[in-house]
Amino acid sequence: MIVQRAIESVGIPTIIIAALPPVVRQQGTPRAVAPRVPMGANAGEPHNVEMQTGILKDTLEQLEEIDQPGKIVELPYEYIAQI
Amino acid sequence: MSLKKIDGLQSEIFVPITPKPVFAKVTKPLNEMTVAIVTAAGVHLKTDTPFNLAGDTSYRAVPGTAKDEELMVSHGGYDNTDVNRDINSMFPIDRLRELADEGFIKAVAPSMYTCMGGGGDVKVFTEKTGPEIAQKLLDEKVDAVVMTAG
């Protein structure tokens with residue numbers, strides 16, 4: 001999140017895919033999305049191309065949509081790791 | 001009635017402070033954007049130096065053309081099982097290239113930047129690592145960044 005804020009502060013818009021939304025909120029994220037995923041599979045279930053594509057597309061769309069800093073949007077994807 | 005009884009008294013419980021907001025405006029549509037992935041998930045080329053699992057403030061560049069089998073993860077702060085099965089579950093580089101191919105975005109940036117979060121010297125990340133990555137993205141004319149961490 002420190003790096004996200006550094007990139008944002010030079011004028012490049014950023015969005016983070018977070019598994020732990022309270023943490024990114026606390027650390028001052030400019031924009032975040034939160035699919036229901038465990039830390040370590042933030043971008044979706046391994047080898048689930050459909051889920052990964054959906055998460056990435058929705059994330060990029062939220063980059064355009066989110067109009068105020070600190071907003072975190074939940075994404076409708078769920079992956080429960082069997083590990 | 002005043003609740004304040006003693007001047008200067010403060011809680012001994014540490015209360016973290018959320019930093020001031022930062023926000024860069026989006027100025028062009030997605031299909032005109034060059035997009036980079038920046039991650040704190042410890043992804044790097046197998047040929048590159050691994051991160052120090054005890055805490056590391058350095059960063060690596062990963063070419064936008066890197067193949068899955070050329071990549072690995074060095075990160076001591078989360079369960080690597082899923083990312084070892086499929087790098088895209090933390091570093092969706094194949095998915096980003098597909099979105100560029102279908103015209104959803106304009107292009108994949110020449111370089112992705114990676115570091116190992118969850119540890120390391122916060123001061124160095126704030127004063128050196130973050131600004132250096134940001135400058136490289138500016139130099140490479142990146143329009144937007146997708147991150148994975150947290």
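Student: In β7(B), which residue is the bridge partner of I15(A)?

Tutor: V146(B) is that partner. Before we go on: this is a predicted model, where local features need pLDDT of at least 70, side-chain atom pairs count only at pLDDT 80 or more, and totals for chains, interfaces and linings use all residues. Residues are numbered from 1 along each chain as its sequence is written, chains are lettered from A and ligands numbered from 1 in the order written, and side-chain values use heavy atoms, without hydrogens and water.

Student: Why do we say that strand β1 of chain A and β7(B) pair?

Tutor: Two strands pair if DSSP finds at least two bridges between them. Strand β1 (residues 14-17) of chain A and β7(B) have four bridges, in the parallel sense, so they count as paired. Strands here are DSSP runs (E, at least two residues), numbered from the N terminus.

Student: What makes E102(B) and K57(A) a salt bridge?

Tutor: The rule asks for a side-chain nitrogen of Lys or Arg within 4 Å of a carboxyl oxygen of Asp or Glu. For E102(B) and K57(A) the N to O distance is 3.1 Å, so the pair qualifies. Across the interface of chain B and chain A, the rule finds one salt bridge.

Student: How much area do chain B and chain A bury between them?

Tutor: About 4300 Å², with 71% of it on carbon and sulfur atoms. Buried area is the accessible area (1.4 Å probe) that two parts lose on being put together, summed over both. F23(B), M147(B) and G150(B) supply 16% of the area that chain B buries against chain A, more than any other three residues.
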